[in-house]
Amino acid sequence: MCVNDLVVQGAEPLFFLDYFATGKLDVATASRVIEGIARACREVGCTLVGGETAEMPGMYAMGDYDLAGFAVGAVERGQALDGTTVAIGDVVLGLASSGIHSNGFSLVRRIVEAAGLGYDMPAPFAPGMRLGDALLTPTRLYVRGCRAALAAGGVKAFAHITGGGLLENIPRVLPDAVAAELDARQWPLPAVFRWLAESGGIAPLEMARTFNCGIGMVAVVAPQSVEPVTAAMTAAGEQVHRIGHIVPRGADAPGVGLLHLESQWPV
């Protein structure tokens, strides 16, 4: 399990194991990969306890490798977040993403191909960066910010914005009778998503269903706790936006409503 998905349940990451498979082991490449994993583990206070390395000639082309891993965490019995206490009037806070994170790359590749660009060419939306580097900006890890928010009190739910974007991830942590109403004016659409929308001709709702669109983690917070929770997450290094609130959900209504998309995002 991803460490961001552990903290969504109120858990603290304890340890991580990795799996590295390749046709023929290149020690220098594997060392750089493991170094990156270790750096991420240090960032969130999680121990890298081991893993597995597999050589499978004929399964992988020269220079290719397959990487996987999982984290184990713990939460005190009875303290896990399940969203059942979310209520009308609660506030939705959004934590800024670092970029595309790990989702929507099938569509990204098609847009890049249609635009006739190479990954070693300058990124149209990030001056001074190559396109490939800009698109592969590492996923932000929200463990410290979310743990700080939990310590401040008043957090009722977290939603990690992964595959399915804003529209499909937030409803997973809400009771059936309520929905999240978000206001697109309350956070900036990062340049990478604006470029993808314009270059690919992607409608705003499809953008919100595919990408994080600048919000990588959502916290649902009791109204009286918004200020201390925001201060705690900001002190932990997060950029926090107040992006919406919880409203009643009518029959057959979606779990997320997005206001002012047309005026804020490319159409």
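Analyst: Here is a walk through the pockets, then the sheet.

A quick word on the ground rules: this is a predicted model, where local features need pLDDT of at least 70, side-chain atom pairs count only at pLDDT 80 or more, and totals for chains, interfaces and linings use all residues. Residues are numbered from 1 along each chain as its sequence is written, and side-chain values use heavy atoms, with hydrogens and water left out.

The largest pocket has a volume of about 1,200 Å³. A pocket here is an open set of points on a 1 Å grid over the protein atoms alone, where a 1.4 Å probe fits, with protein on both sides within 12 Å along at least five of seven lines; lining residues have an atom within 4 Å of a point. Points are joined across faces, edges and corners, and the volume is the space filled by probe spheres set on them. This pocket has 31 lining residues, and Ala-40, Ser-102, Pro-138, Thr-139 and Leu-141 lie nearest its centre. Helix H1 (3-8), helix H2 (27-44) and strand E3 (65-74) are the elements that give two or more residues to that lining, and H2 gives the most, with 9 residues. Helices (H or I, at least four residues) and strands (E, at least two) are DSSP runs, numbered from the N terminus. By class, the lining has 16 nonpolar, 10 polar and 5 charged residues, with Ala, Val, Leu, Ile, Met, Phe, Trp, Tyr, Cys and Pro counted as nonpolar, Asp, Glu, Lys and Arg as charged, and the others, Gly among them, as polar.

The second largest pocket holds about 230 Å³ of space. It is lined by 13 residues, with Gly-10, Val-75, Gln-79, Arg-147 and Leu-150 nearest its centre. Strand E1 (12-22) and helix H5 (143-152) each give two or more residues to this lining.

Now the sheet: 6 strands form an open sheet in the order E5-E7-E4-E8-E6-E9, with mixed pairing. Strands pair if DSSP finds at least two bridges between them. Strand E5 (155-160) and strand E9 (256-259) stand at the edges with a single partner strand each, so one side of each has no neighbour in the sheet. Within it, E4 (residues 91-96) and E7 (residues 215-221) pair in the antiparallel sense over 6 bridges, and Leu-95 stands opposite Met-217 in E7.

H5 turns up again here, lying across E5 and E7.

Terms used: Contact means heavy atoms within 4.5 Å. Axes are lines fitted to C-alpha atoms, for helices over the stretch in contact, and angles run from 0 to 180 degrees between N-to-C directions.
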